[in-house]
Amino acid sequence: MKEILQGLFFCLVTAAFFLFYPAEKKTVHPLSRGWGADIDWVQSYEEGLFEAQTRDKPLMVIHHLMDCPYSKALKEAFSQHEEIQNIAKVDFIMMNVMHETADSNLAPDGYYVPRIIFVDPTMTVRTDLVGNVETLKYTYSQEDLDKLLENMKKAVSERLRVEL
């Protein structure tokens with residue numbers, strides 16, 4: 001009888017453990033800053049360029065500010081758009097920055113936020129992939145996600161090739 005009670009006690013403790021112990025928590029990439037928890041983000045522009053060349057993937061650089069209402073709105077829409085999240089995770093080297101880089105190529109028409117620049121694995125800034133605003137070519141808003149997705153697909157499919 002004692003063995004049966006011990007077995008029953010063991011089963012109850014085990015069941016309680018699985019019921020009340022939190023499931024494995026999903027880790028959020030520390031550089032995500034809310035743009036996509038499942039995306040691997042690079043820390044620096046130099047690292048992004050290296051990874052883009054090494055892995056033959058375009059680099060997508062998102063310039064934003066935490067307290068900018070336009071950046072916040074774009075970030076929320078971007079992070080909730082399933083197809084954008086998937087293509088960003090699979091087909092891009094991703095970087096989001098809240099400070100300017102030393103490379104002026106990442107500000108072809110000025111220093112404003114939010115702006116998104118695509119860099120080809122050949123380290124060429126894709127000046128042909130722009131948003132819907134003529135005066136701020138590289139800006140996107142939460143209403144421009146279709147255009148952003150279109151440009152992401154072009155960046156992946158129309159990568160520049162260097163002839164050796």
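On the surface, L65, M66 and M98 come together as a nonpolar patch, and their accessible area is about 240 Å² together. A patch is built from residues with over 30% relative accessible area and no salt bridge, with nonpolar side chains (Val, Leu, Ile, Met, Phe, Trp, Tyr) joined within 5 Å and like charges within 9 Å. A salt bridge here is a side-chain nitrogen of Lys or Arg within 4 Å of a carboxyl oxygen of Asp or Glu. Accessible areas come from the Shrake-Rupley method with a 1.4 Å probe, and for residues only the protein chains shown count as cover.

This is a predicted model, in which local features need pLDDT of at least 70 and side-chain atom pairs count only at pLDDT 80 or more, while totals for chains, interfaces and linings use all residues. Residues are numbered from 1 along each chain as its sequence is written, and side-chain values use heavy atoms, leaving out hydrogens and water.

Let us stay with L65 for a moment. You will find L65 in the loop between β1 and α3; helices (H or I, at least four residues) and strands (E, at least two) are DSSP runs, numbered from the N terminus. L65 has a relative accessible area of 36%, so it is partly exposed, a label that lies between buried (under 20% relative accessible area) and exposed (over 50%), using a 1.4 Å probe and protein chains only.

Now step inside. In soluble globular proteins, nonpolar side chains tend to be buried together. A nonpolar core is a set of buried Ala, Val, Leu, Ile, Met, Phe, Trp, Tyr and Cys residues joined through side-chain atoms within 4.5 Å. The largest one has 24 residues, and M60, F92, M94, F118, L148 and M152 have the most contacts inside it. Two or more residues come from each of β1 (59-63), α3 (69-80), α4 (82-91), β3 (115-119) and α5 (145-157), with α5 giving the most, 6 residues. Beyond its neighbours within four places in sequence, F92 is in contact (heavy atoms within 4.5 Å) with residues including M60, F118 and M152. A second, separate core of 15 residues includes L49, L106, I117 and V119.

Finally, look at the backbone. Most residues other than glycine have a negative phi, and most peptide bonds are trans. The bond from V113 to P114 is cis, with omega near -10°, and P114 lies in the loop between β2 (93-97) and β3. Phi is near 55°, a positive value, in R33 and likewise near 55° in D56. R33 belongs to the loop between α1 (2-20) and α2 (45-55), and D56 to the loop between α2 and β1.
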